[in-house]
Amino acid sequence: MNLEQLESRGQELLAYLEKHPNHGPTYDALGVLAMDTQSAGEAIDLITNAIRLDGPRPEYCAHLGEAFARLGDYRSASACLGQALVSQPQNIELRWAYANLLHLEGRTEEAALNYELLVAQKPRHAEAWFNLGVSRALLRQPEEARRAYEQAVAIQPGYAEAWNNLALLDVAAGNLTGAEAHYRRALLVKPDYRDALYNFAVLLQEQERLQEAVTMNERLVSIDPSFSEAHNNLGNCYLKQNRLAEAQNQYLETLAIHASHREAPMNLGLASLLMGDFARGWVGYEHRLAQRDIERWEWKIPRWDGKIRAGESILVHAEQGFGDTIHFARYLPLLAAGGMTVHLYCQPAIAPLLEGLRGITRCVTDLENLEVVDWQVPFPSLPYCFRTTLETIPAGVPYLSVGEAQRSNWKRLYAELPEAKRRVGLVWQGNPNHRNDHNRSLPVHLLHPLLDVTGVQFLSLQKGVDRNRVPQGVFDLAPLMVNFAETAAAVEGLDLVIAVDTAVAHLAGALGKPVWTLLPYAPDWRWLLYRDDSPWYPTMKLFRQPIAGDWSSVLLEVKRALLELT
């Protein structure tokens, strides 16, 4: 009914009520009419009068429940419908509404039981099967959820939401092929279905099928330009394709829609750093501290504001991996040179290396042994605090050194090895727990062509692999590298280090040793793009994948360079 018809109907009911003031059905009818005019509060009063006069008739309770639901009071609404069902347990519409209210109220187990009662009464109720699947999934009963969704699509093959949810179950079970098939089925029947497009795009992105993910995300933002997550994910895809300006635009779009977006500021920072735009980049990189994968200590010590204060003390603490700690250790002498007392908190394996750094007062490896200091700052925030630009990077090397005891021990060890024209250290794998390790590490068999180069003695600096995986003819130094002080001594005795993007590459660069770093197509921010040198490490040469995943071309180029040396 239109507004005029509703008003006319209301006048008729009020006129009838004047003649029959105790007529419950009229109060109920007026309550339903009030809901139609968006007056749920008034509806509750009117229907309550009907119940007071005639008792809890099922239809009254159902209408009262609907009024409470419109106000968001699901507990009162479900209580009303539950009471109505007592006298009408076979009423499918009541059961459906009651189960949905229980679900909204968070009483998931009860909701599931009522959906089961409903499908027992009406086996071809596709929506009830779907909602039963949702409830079982929330109760972490994936097989029961799957059976319910399969019933829903068997009854209604065009049920896109059920196909989408089947895909989500497949992803959770590791069946990515099945998930893709189900997402495609959902989009076949509902091409602009936002949830399926988004979930499928995420699946493609996680499989590194970037161009397909780009296509899906571009479709998403054309359907819903206000969908901030789609803009952010599209930016992430562009970033992995080295389309940096486009990535920046998508992150800016994300923030224009959702100013407090958790990930976009850091993503914008990473894209900016990779472009060499450090002014914007460091600001964005500070937002890493809001990310879930950064372990943080709740510091009571004030955060350093970047001002050098002679006579005051500062604690610089490790936040991420060994490579980051080594990379940013270059800033520690600057603090000491400014008259600050510098304390370090770092990983045990790297402490023997850093505690000998010029200007360090104390180095600890557990938080219980900290001294009282004036300031604290994490290692990765030092470039931000120093307002580093490409031109002002503190790139003097070596800024780390090897202890005399380690140097002597490793000199004797190398003297016992067969003579060689050149000694070259190899690292082909990073920390397998690193989220990008599948891109930055390379299969060990790809190193075999290098081993044919005559006059070169190859030594493995690789940690964390079985000895039987070290190529034949390569000396395995890993058992002797018990910490980074020993690894530094091992590196110092070499002529060259060839490494993927790992802590050893940073260590060699910090020691001022020649190091060839092998990079994936989409590198970490610190390596920038389109250059074969590093502003951070003057003795480093960069070898980059020409296309994503192409390590063979990289190793071929490395072999050519190695042959030129020999």
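## Before we start

Since the model is predicted, local features need pLDDT of at least 70 and side-chain atom pairs count only at pLDDT 80 or more, while totals for chains, interfaces and linings use all residues. Residues are numbered from 1 along each chain as its sequence is written, and side-chain values use heavy atoms, with hydrogens and water left out.

Helices (H or I, at least four residues) and strands (E, at least two) are DSSP runs, numbered from the N terminus.

Six of them make an open sheet with parallel pairing, in the order 7-6-5-8-9-10. Two strands count as paired if DSSP finds at least two bridges between them. Strand 7 (475–476) and strand 10 (540–544) sit at the edges with a single partner strand each, so one side of each has no neighbour in the sheet. Helix 26 (residues 551–565) packs on the sheet and touches strand 5, strand 6 (456–460), strand 8, strand 9 (515–519) and strand 10. Touching, or contact, means heavy atoms within 4.5 Å. The direction of helix 26 makes about 165 degrees with that of strand 9.

## A look at strand 8

Strand 5 (residues 422–427) pairs with strand 8 (residues 496–500) in the parallel sense, over four bridges. Across this pairing, L426 stands opposite I498, and V427 has A499 as its bridge partner. Strand 8 also runs parallel to strand 9, again joined by four bridges, and there I498 faces W516.

How many residues of strand 8 are buried? Five of its five are, where buried means under 20% relative accessible area, exposed means over 50% and partly exposed is in between (1.4 Å probe, protein chains only). In a regular strand, side chains alternate between the two faces of the sheet. Here, L496, I498 and V500 point one way, while V497 and A499 point the other way.

## Two helix pairs

Two packed helices are described by the angle between their axes and the distance between the axes. The axes are lines fitted to C-alpha atoms, for helices over the stretch in contact, and angles run from 0 to 180 degrees between N-to-C directions. Helix 6 (residues 92–105) and helix 7 (residues 108–121) have axes that come within 8 Å and cross at roughly 160 degrees. The two helices are therefore roughly antiparallel; angles under 35 degrees count as roughly parallel, over 145 as roughly antiparallel, 65 to 115 as roughly perpendicular and the rest as oblique. Residues in the contact include W96 and L102 of helix 6 and Y115 and L118 of helix 7.

Now for the other pair: the axes of helix 24 (residues 484–492) and helix 25 (residues 503–510) come within 10 Å, crossing at roughly 65 degrees. F484, T487, A488 and V491 of helix 24 meet A503, V504, L507 and A508 of helix 25.

H231 is found in helix 14 (residues 228–240). Is H231 buried or exposed? H231 is buried, with a relative accessible area of 6%. Not counting residues up to four places away in sequence, H231 touches V221, P225, Q250, E253, T254 and I257.

L255 lies in helix 15 (residues 244–257) and is partly exposed, at 22% relative accessible area. Leaving aside neighbours within four places in sequence, L255 is in contact with H261, A264, P265 and L268. L255 and H231 are 24 residues apart in sequence and 9.3 Å apart in space, C-alpha to C-alpha.
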